[in-house]
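Here are a few friendly notes to read alongside the model. Keep the 3D view open and find each residue as you go.

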Amino acid sequence: MPDVVWIILISLLMIIGIIGSVLPALPGTPLAFVGLLIYKFCPLGESLSWWWIVLAAVLTIMSLIVGYLIPILTTKKYGGSKYGAIGATLGILVGLFLPFGFIYGPFIGALIGELINDFTNQKKALKASWGAFIGFLLGVGINILVCGIMITIFFVHLAFF
């Protein structure tokens with residue numbers, strides 16, 4: 001396969017990885033990692049150290065764990081209940097089918113969940129929803145950072161080695 005085809009394939013996986021960091025339906029960091037792994041085994045990336053692959057694998061696993069835990073922890077930290085955490089998760093899923101719903105879905109889902117849990121305390125429900133939204137943004141930020149590290153490894157190695 002010509003070098004240009006390898007570069008395009010790997011770059012596409014990295015770009016989809018960044019997009020997947022924001023859209024929960026796509027496994028963002030694993031796709032970027034697969035791109036880096038393909039690069040390691042293609043003729044262009046043979047000299048890429050296994051150290052970088054192991055680092056990228058560890059970061060990918062950590063980002064997946066943290067990406068799921070942070071929204072739950074921030075929802076609870078802001079006074080949310082199990083209903084708020086479930087609502088935030090459902091909000092992400094429903095939000096995938098709405099314009100930019102993946103951004104506001106966790107907030108609205110957590111709010112609905114908290115209101116189902118205790119309709120009399122709207123202030124607490126709003127605070128917990130805010131926690132879910134902050135958690136979602138932190139998770140996205142971490143995933144984008146990890147994808148950015150893998151993209152940097154790819155392009156720096158491609159340019160200088």
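1. Let's start with F100, which is exposed, its relative accessible area being 61%. For accessibility, buried means under 20% relative accessible area, exposed over 50%, and partly exposed in between (1.4 Å probe, protein chains only). F100 sits in the loop between α4 (82-95) and α5 (101-117). Helices here are DSSP runs of H or I with at least four residues, numbered from the N terminus. Take a look at the backbone too: phi of F100 is near 55 degrees, a positive value in a residue that is not glycine.

2. A word on how to read these notes: this is a predicted model, where local features need pLDDT of at least 70 and side-chain atom pairs count only at pLDDT 80 or more, while totals for chains, interfaces and linings use all residues. Residues are numbered from 1 along each chain as its sequence is written, and side-chain values use heavy atoms, leaving out hydrogens and water.

3. Next, is I10 buried or exposed? I10 is buried, with 0% relative accessible area, and belongs to helix α1 (residues 3-22). Leaving aside residues up to four places away in sequence, I10 touches G35, I38, Y39, C42 and F154; contact means heavy atoms within 4.5 Å. From I10 to A32 there are 22 residues in sequence, and 8.2 Å in space from C-alpha to C-alpha.

4. Finally, find T60 in helix α3 (residues 50-77). T60 counts as buried, at 6% relative accessibility. Which residues does T60 touch, not counting those up to four places away in sequence? They are T29, P30, F33, V146 and M150.

Methods:
Helix = DSSP H or I, 4+ residues; strand = E, 2+ residues; numbered from the N terminus.
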